[in-house]
Amino acid sequence: AGYEGKKMSRALGAMKLAARIGALSRPRAGGVVERHASAKVAGIRVRWLCDEAEAPPLAGTQTHANLKSAFVAESMAALRFEYYAQKADAEGQLEAAQTLRAAAKSAEQQAFGHMEFLEYVGDPATDTPVGDTEENLRGAAAGEEDEAQRIYPEWANVAYDEAQPDAGQWFETLAMTSKRNAGSLSAALAVVTAKE
C-alpha cells in the first residue's frame with residue numbers, strides 16, 4: 001500500500017502542477033473545448049477534465065496544419081527508428097537497437113497525441129471524418145483506394161520517366177498492395193454495417 005500510495009501522491013502532485021501551468025485543450029464538435037490535463041507519474045498516465053469553454057474551430061488554422069505536419073513527422077520517425085533498430089539488430093548492436101526502439105515508441109506516442117487533436121477535424125491524410133469504426137473503415141478504404149488508383153500509379157510513371165525502373169516497379173507493387181488493402185477494409189466495413 002505504501003508504494004501505491006506514493007504513486008497516487010505523485011499523480012496528485014502532477015495534477016496540481018499541470019493545473020498551474022495550464023491544461024491541454026481538446027477541441028470538440030461545435031467549437032466547445034474540453035480542457036484536459038495529463039501527466040505520467042511512475043509509469044501511470046493520469047488525465048482529468050478541467051472545464052469547458054468556447055474556442056475557435058481548429059480546422060483551417062495554422063495550428064491544424066502544424067498538427068498534421070507533426071503527425072506525419074512523428075509517424076515517419078517511428079518507422080525510421082524501427083527500421084534502424086532492425087539494422088542494428090543485424091549488426092549485433094543490441095543496445096543501440098533497444099535505444100532506437102524506445103525512440104520509435106516515443107515518436108509513435110507523440111503521433112497518437114497529435115491524432116487526438118486531429119480526430120476532431122478529420123484524418124490528417126484524407127480529411128475524412130474520424131469517428132466510429134464504420135467511419136474509420138470507410139476513410140481507410142478510401143485512402144487505400146486513392147493510393148491504388150491515383151497516387152502510386154502516378155509515382156510509378158514519374159519513376160519510369162526518370163529512368164528509375166526499380167522504383168517504378170516498387171510503386172506498382174505498392175499500388176497492388178493498396179488495392180488489396182482497400183478490398184480487405186471494404187469487406188470489414190460490409191461486416192460492420194451488416195451488424196447494424
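## A tour of the helices and their aromatic pairs

Begin by selecting tyrosine 152, which is buried, with a relative accessible area of 14%; buried means under 20% relative accessible area, exposed over 50% and partly exposed in between, with a 1.4 Å probe and protein chains only. The model is predicted, so that local features need pLDDT of at least 70 and side-chain atom pairs count only at pLDDT 80 or more, while totals for chains, interfaces and linings use all residues. Residues are numbered from 1 along each chain as its sequence is written, and side-chain values use heavy atoms, with hydrogens and water left out.

Next, turn to the aromatic rings. Rings of Phe, Tyr and Trp (the six-membered ring of Trp) pair if their centres lie within 6.5 Å, and planes under 30 degrees apart count as stacked, over 60 as edge-to-face and the rest as tilted; by this rule the count comes to four aromatic pairs. One of them joins tyrosine 83 and tyrosine 84, an edge-to-face pair with 6.4 Å centre to centre and 65° between the planes. Tyrosine 84 counts as partly exposed, at 38% relative accessibility. For tyrosine 152 and phenylalanine 171, the ring centres are 6.0 Å apart and the planes lie at 20°, so this pair is stacked. Because tyrosine 152 lies in helix α4 (residues 133-161) and phenylalanine 171 in helix α5 (residues 165-195), the pair ties together parts that are 19 residues apart in sequence; helices here are DSSP runs (H or I, at least four residues), numbered from the N terminus.

Leaving aside its neighbours within four places in sequence, serine 178 is in contact (heavy atoms within 4.5 Å) with Glu144, Glu147, Ala148 and Tyr152.

Finally, move to helix α3 (residues 94-118), whose 25 residues should span 36 Å at 1.5 Å a residue, in agreement with end C-alpha atoms that are 36 Å apart; the expected span is 1.5 Å times one less than the number of residues. The buried residues of α3 are Ala97, Ala104, Ala107, Ala111, His114, Met115 and Leu118, and what covers them includes α2 (62-90). The axes of α2 and α3 come within 8 Å and cross at roughly 160°, which makes α2 roughly antiparallel to α3, a description given to angles over 145 degrees.

Methods: Helices (H or I, at least four residues) and strands (E, at least two) are DSSP runs, numbered from the N terminus. Axes are lines fitted to C-alpha atoms, for helices over the stretch in contact, and angles run from 0 to 180 degrees between N-to-C directions. Angles under 35 degrees count as roughly parallel, over 145 as roughly antiparallel, 65 to 115 as roughly perpendicular and the rest as oblique.
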